[in-house]
Amino acid sequence: MKMKNNSQGLPSRMPDNTAFRQQRLPAWSPYLTAWAVLPGFFTTGAFFLSMGILLILSAKSVKEIEITYTDICSDCSKLRENASNFYKECTCSVPFFIPEKMPNVENCAPFQRASNEIPIAPCGAIANSMFNDTILLSYYPNSTTRINVPLLSSEITWWTDKHVKFQNPESRNLSSAFAGTAKPLYWTKPVYQLDQENPENNGFLNNDFIVWMRVAALPTFKNLYRRIHRIGHFADGLPAGDYSFDISYNFPVTIFKGKKGVVLSTVTWSGGKSFFLGGAYTVTGAMTWLAAFSMTAIHLKLKKTISFQSLKLAKVKAKVERDKRRDVFRTSNTWVRTTGRDCRD
Amino acid sequence: MAGTIDCSFIRTLINRYCAGEENWVDSRTIYVGHKEPPPGAEAYIPQKYPDNRIVSSKYTFWNFIPKNLFEQFRRIANFYFLIIFLVQLIIDTPTSPVTSGLPLFFVIAVTAIKQGYEDWLRHKADNAMNQCPVHFIQHGKLVRKQSRNLRVGDIVMVNDGETFPCDLIFLSSSREDGTCYVTTASLDGESSHKTYYAVQETKGFQTEEDIDSLHATIECEQPQPDLYKFVGRVHVYQERNDPIVRSLGSENLLLRGASLKNTEKIFGVAIYTGMETKMALNYQSKSQKRSVVEKSMNAFLIVYLCILISKALINTVLKYVWQSDPFRDEPWFNQKTEAERQRNLFLRAFTDFLAFMVLFNYIIPVSMYVTVEMQKFLGSYFITWDEDMFDEETGEGPLVNTSDLNEELGQVEYIFTDKTGTLTENNMEFIECCIEGNVYVPHVICNGQILPDSGGIDMIDSSPGVSGKEREELFFRALCLCHTVQVKDDGFVDGAKKSPDSSRSCIYISSSPDEVALVEGVQRLGFTYLRLKDNYMELLNRDNDIERYELLEILTFDSVRRRMSVIVRSATGDIYLFCKGADSSIFPRVTEGKVDQIRSRVEHNAVEGLRTLCVAYKKLSQEEYDEVCELLHTARVALQEREKKLGEAYDHIETNLILLGATAVEDRLQEKAADTIEALQKAGIKVWVLTGDKMETAAATCYACKLFRRNTQVLELTTKKIEEQSLHDVLFELSKTVLRHSGSMTRDSFSGLSADMQDFGLIIDGAALSLIMKPRQTGSSGNYREIFLEICRNCSAVLCCRMAPLQKAQIVKLIKLSKEHPITLAIGDGANDVSMILEAHVGIGVIGKEGRQAARNSDYAIPKFKHLKKMLLVHGHFYYIRISELVQYFFYKNVCFIFPQFLYQFFCGFSQQPLYDTAYLTLYNISFTSLPILMYSLMEQHVTSDMLKRDPSLYRDIAKNALLRWRVFIYWTFLGVFDALVFFFGAYLLLENMAVTINGQVFGNWTFGTLVFTVLVFTVTLKLALDTHYWTWINHFVIWGSLIFYIVFSLLWGGIIWPFLSYQRMYFVFIQMLSSGPVWMCIILLIIISLLPDIIKKILCRQLWPTATERTQKIMKHKPTVEAVATCDGPLLEGSLTASEA
């Protein structure tokens, strides 16, 4: 067209004939037909199933022991329910048994200033509510001997948090650096006394503090407390036997009907003990296959019916299949609903 | 729309300011050359007039920002976001004001830039126009000044080829006869030269000095936008004598925008300037039309607003329920201050409600409006660029006057089309004439086509006789004289250069193609019209002698009278009145002549689809002529109701005529008109023809263009039939016929096209229509309108003939407001179609021979009727698919976005903790997910355009707003909710109870939000990728580009300690998250789970209930060779069935 136009030399408003303007850009037009998608479905299903099994197996290999000590230390709990008793010491001991060997795994207001207008360091509600129980793990190789399990607080935080984000004020002496600040309302000791033995773990650089400051997303959460230092008896993790926790009980939870506990766990490449991923992968894989099979069936049947040129029959079949499909939807929904249980406290 | 407001606003302002409310007058008085009238004259109220500045721009440099902001915030959506933003500024809300302020600023800025650019273009055009030099007379000398400084009353000189700077009263011209030629191409598109006449008394003032001595005042009406109407009066004062009064009409008024041709120079006095010129008054655009898509969009928006408010309410209530426990209200680690405790509970609740509103406000997609606007604006270029809709003959392409209705083109259910010029070429050819019952056929080759030999038809009567011979010659002379045709002569300046011999090759120009055909036809019969010179019409008769007739009066044509007359004085001094017009308007006025024979011939011709005109004459005595002159003069001088008085005078004059004969002119169908109509009908569109033509002619055209087929049962609802029976009976009878049939039809109406079935066509004429439309006093026997509509609904085609322009609009309105509210489209080419073009949902103008008025008032203009096919079936279809996906997708992606945020409130004690980081909240809509959908909505082609053109029935797939029905909307919303549940609870289950890193380190709330957000961005983008059926490199680029941009942005955003931020909560969150294996697994899993149901639904629907479109896609997939047979224009439905069997 354009050629002709040019050769005649007609002056005209004839638009440029580019592929883009004529909406004729070369393009790939995929359509979601059963044949095109079925191989994809089968592969995805296979991948998901195998991944799921793999994940379940790896989650199974994780050893985990959970001890909730709110009720065990009920005396302490009661003590903490009254705010006036926050500064009283309370410790309790929780004995337990490991049956088998465990291998190794912003805006601060209103907590900006204290009542006497001295700035609080660290400020904010989160820092104020920092978890301050101390937990000691002891091993009893026999009924008389008691060995303290060496626990490490290093590397329980993100490297970047410890080394970049959190920084102590520059000063020769930490306590002088924090001079002129008040400790948070519910803290028993100021920030520069969090770990007086290890300057690398004191002040804002305190590992427990950094871990706490990474606020959990959900009401039920686990924070990393300590790693087992693998020396001596514990070179291969925790041997089976009797243990006890000695807990200085500071953090009140019963006031808001909360619970706290200690979890001893190993980790693998897939994290801790959770069958969620594995289960979800397996279920999804299975459902993908189910969908793929039913689609194949429908496809083959439809082919037959169309060749008989009986459209009405196809519609009836279609209805049956539609009901089947509804079921598929329903199962997937209930699955989400039951697993997403309410965890408001 | 804004233009309208502006113009009328300025005008009222001017009027108020200048005249004040009480001394506002109907007419204005202009002192020519600013010379006061002599003392004795009437005292006039002085008025102030605007200067000659044209302002089409909306803004000035200074008021752009405030005014534009004001205009933008008048939109409800923008205003809503402004309120949200202000709430965020005022109260302590969980998210920073940036999150809604930045997108709002972005949206406002984009719109402002677009509007500013458009206004800048207007400013440039205005300046060019306002600064062009103008010659005007000051103290007898020629002075140049800028056009904008021109004042009312200035005397202006215009040279050949220049355009008139304002509306002028034509005083004198360099031509002795006081005429000038003007082309109004830029005003109404008619390129013919029109003759204008100088005021009789002033045409002698030909030099600067002369004209300066002119002493006159002009009285005329206040400006009004009608280009063809003007009434005024000039008083010319002469020394001692009484002033001479002359009437002024539109033939004396030179309009701004028109340009002078073939005339050396003219003088004129400015009467309307600047924004008061007729051209400026015509700038005002018509009322804004809104498309169905926009209406559904607003409905969806309201639903979402309700969801938003209920979400906020639920959360507020739950928050207070939750906090009723004191330890939750004030946990030990987070005790309130005294001031907080003192605060009023109600006030606190209200603040919380607002805070929740702010938190969830993103559910209303902020960028949807701007995306829709950009999509429409940019998308409309594809129409103007389309080479298939370009007409090489005229060099015209399609025009888009409004881009707001692109998608409406895909929703048309009724087409109302004009006949002449739209379905037909409006290229008339003289076929025959019938004089006193004898038929004459000019057997000459014409337009490259040999006319059928005249032998077949009853030929010239063997012995016409003497009186017959006389009548015959009189008839030819009448055709030669009774018209307003001009002769175009190139390079012709003065009559002297031209010899009569060259007349054979001269070109006739007229605003009416019929006249040209008649004059050309009569030329072939031996009488040639040469020219109009000095008020004498010259013609060359059969003996090659020049006859001269003095042109005394022209009784111009109008569509009400449907006839025109001329009064001429022959060389012998006889005065004749020749009258030419439609048969219905001539026959009642005829007293003599062979009426019956001619009438039968006229009817015969009409059935053949020819346009017929009757010619009559009468001889006037000198006394009668004087009487006529008197009558016309009084009517013409009248200032009030001149039109009406003139009409009455004409009616009085055109009586007692003697019938001479009739002519027949053929108007050929436009190329592919039949094909287009057939395709449109197959697409499920009902086509109605509305014409002013006779029933027989129109019916013949309808058959020719396959609107009525051979098996169509034509029902008639005409005046003739109503005369026989009462309207009531006719209507009921018709409805019975139609309904009986349709009752039996509904059962198998699914079987598709009614190709071999009985279908109905209805013919109705204007008089019958007005009877139906007339409101009835008693509603006892039901409403005729309803019955009429019922009949129409069951007819596949309707022909309305003998329609007045307003009746056309009435019909359109009737259908538009009927209970199904169908989408209507009106297409026409002439000024008489403008009313229906404005009335219909979509108005399309055919850039035709009858001027540009229709094209200017339309929403879209196309060169030919056949282009309608591509316009609707291809462009309309594409735009509809695109915009409906755009709208649905926007709502979907925002549900996905904000629903997790809502769920999160249940896990954070309703503390309004945002789930996502500020940057994500801000950028989600404006950069992570904006471009892919915009590009999709510009590029998507679910089926190739060839396929759409070849198989019109695909258009039915999207009829009745199919893709924006509530069912579809609810599906999308539920899909969004489902996806949101998957994102949220997937992430929840992953992070709830386990360490997910290999070293046991833990993730916080921001990692949780980032995980949800990452899955969200990927899912939403991939969902669009699944819906894309046309992957050009642009689509690949924006879709994958957006995802890559998201990743790069997140890496950067979390990778650096940003010094300007008061918090560093995102520091390394994204990178840490990606360092965990289970998170990767989780992202993949969640994306797949959220997409899976949609994929399965799509495949199953396609397998089990494929739409026509999907079947077509399948064929294209399996049989790419179909392209090879693309030349066959037939429907491919049968082909598609066989292909799917294979």
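Predicted model: local features only at pLDDT ≥ 70, side-chain atom pairs only at ≥ 80, totals over all residues.
Next I looked up the partners of E15(B). It pairs with E28(B) in the parallel sense over five bridges. There, Ile415(B) has Val687(B) as its bridge partner. E15(B) also runs parallel to E32(B), joined by four bridges. Thr417(B) stands opposite Ile827(B) in that pairing.

**The nine-stranded sheet**

I then traced the sheet around it. Nine strands of chain B form an open sheet in the order E14-E34-E33-E32-E15-E28-E31-E30-E29, with mixed pairing. Strands E14 (399-400) and E29 (712-717) are at the edges; each has a single partner strand, so one side of each lacks a neighbour in the sheet. E32 (824-828) and E33 (842-846) pair in the parallel sense over four bridges. Within that pair, Gly843(B) is the bridge partner of Ala826(B).

Helix H24 (784-793) of chain B packs on this sheet. I found that H24 touches E15, E28, E29 and E30 of chain B. Its direction makes about 135 degrees with that of E30(B).

I searched the whole structure and got 45 salt bridges over all chains. One of them joins the side chains of Arg793(B) and Glu820(B) at 3.2 Å, N to O. Arg793(B) lies in helix H24 and Glu820(B) in the loop between helix H25 (805-816) and E32, so the pair ties together parts 27 residues apart in sequence. Are the two ends buried or partly exposed? Arg793(B) is buried, at 16% relative accessible area. Glu820(B) is partly exposed, at 34%.

I also checked Glu839(B) and Lys816(B), whose side chains meet in a salt bridge at 3.3 Å, N to O. Glu839(B) is in helix H26 (834-839) and Lys816(B) in helix H25, so this pair ties together parts 23 residues apart in sequence. Glu839(B) and Lys816(B) are both buried.

Asp1094(B) and Lys1023(B) meet through their side chains at 2.5 Å, N to O. Asp1094(B) belongs to helix H36 (1077-1104) and Lys1023(B) to helix H33 (1005-1027), so the pair ties together parts 71 residues apart in sequence. Asp1094(B) is buried, with a relative accessible area of 2%. Lys1023(B) also counts as buried, at 2%.

**The six-stranded sheet**

I moved on to an open sheet of six strands in chain B, order E3-E2-E4-E13-E5-E11, with antiparallel pairing. E3 (141-146) and E11 (253-254) stand at its edges with a single partner strand each, so one side of each is left without a neighbour in the sheet. E2 (133-138) and E4 (155-159) run antiparallel and are joined by three bridges. Phe136(B) stands opposite Val156(B) in E4(B).

**Nonpolar cores**

The largest nonpolar core has 139 residues. Phe41(A), Phe1008(B) and Phe1013(B) have the most contacts inside it. Helix H28 (867-905) of chain B gives the largest share, 17 residues. A second, separate core has 43 residues, including Ala673(B), Ile685(B), Leu873(B) and Tyr879(B).

What does Phe1008(B) touch? I listed its contacts, leaving out residues up to four places away in sequence.

**The interface of A and B**

Together the chains bury about 9,000 Å², 66% of it on carbon and sulfur atoms. On the chain A side, Gln23(A), Tyr31(A) and Trp158(A) lose the most area, together 9% of what that side buries.

I found one salt bridge across this interface. Arg24(A) and Asp388(B) meet in a salt bridge at 3.6 Å, N to O. Arg24(A) and Asp388(B) also belong to a salt-bridge network with Asp386(B), Lys870(B) and Lys949(B).

**Positive phi**

Last, I noted two non-glycine residues of chain B. Asn544(B) has a positive phi of about 60 degrees. It is in the loop between strands E21 (536-540) and E22 (546-558), and is exposed at 56% relative accessible area. Lys960(B) also has a positive phi of about 60 degrees. It lies in the loop between helices H31 (945-950) and H32 (966-992), and is partly exposed at 42%.

Note on methods: Residues numbered from 1 in each chain as written. Chains lettered and ligands numbered in written order. Heavy atoms only, no water. Buried < 20%, exposed > 50% of the residue type's maximum accessible area, 1.4 Å probe, protein only. Core = buried A, V, L, I, M, F, W, Y, C linked by side-chain atoms within 4.5 Å. Contact = heavy atoms within 4.5 Å. Pairing = 2+ DSSP bridges. Axes fitted to C-alpha atoms, helices over the stretch in contact; angles between N-to-C directions. Buried area = accessible area lost by both parts, 1.4 Å probe. Salt bridge = Lys/Arg side-chain N within 4 Å of Asp/Glu carboxyl O.
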